[in-house]
Amino acid sequence: MSLWAEHLGSLDHVFSEPQSLECVRQVNKIAKQNWAIYVSEEANYMRGHLMQYPVKISKDGKVSALDDYESFPDVGGKILGSPNSLPDALTT
């Protein structure tokens with residue numbers, strides 16, 4: 001429970017059953033809220049520090065960046081990365 005409190009900024013009874021759909025939904029809700037705060041122009045505090053990774057996955061399994069976010073807003077790195085000539089063993 002202390003790990004939940006650290007990452008999510010609070011405790012909730014649903015965290016006692018992490019395998020439950022209710023817990024998964026609550027964690028995802030907080031992560032999405034934190035991403036929205038992170039990309040907002042307004043200064044605001046995140047609840048904990050867990051954020052949604054800014055990707056979406058289609059029903060056929062294709063991974064793409066969230067709409068309007070090809071790069072991270074603070075550092076500018078591409079969310080999906082970019083091709084390089086390094087061997088896969090060095091980058092995975």
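Author: pLDDT is the predictor's confidence in each residue, from 0 to 100. This is a predicted model, in which local features need pLDDT of at least 70, side-chain atom pairs count only at pLDDT 80 or more, and totals for chains, interfaces and linings use all residues. Residues are numbered from 1 along each chain as its sequence is written, and side-chain values use heavy atoms, with hydrogens and water left out.

Reader: Which element has the lowest mean pLDDT, and which the highest?

Author: Where pLDDT is low, the predicted coordinates should not be read in detail. Helices (H or I, at least four residues) and strands (E, at least two) are DSSP runs, numbered from the N terminus. Helix 3 (residues 88-91) has the lowest mean, 70, and helix 2 the highest, 94. The protein averages 88.

Reader: Which side chains meet in a salt bridge?

Author: Side chains of opposite charge can pair when their charged atoms come close. The criterion is a side-chain nitrogen of Lys or Arg within 4 Å of a carboxyl oxygen of Asp or Glu. Here K56 and D67 meet at 2.6 Å, N to O. K56 lies in strand 1 and D67 in the loop between strand 2 (63-65) and helix 3, so the pair ties together parts 11 residues apart in sequence.

Reader: Is S10 buried or exposed?

Author: Buried means under 20% relative accessible area, exposed over 50%, and partly exposed in between (1.4 Å probe, protein chains only). S10 is buried, at 19%. By the same cut-offs, K56 is partly exposed at 34%, and D67 is exposed at 52%.
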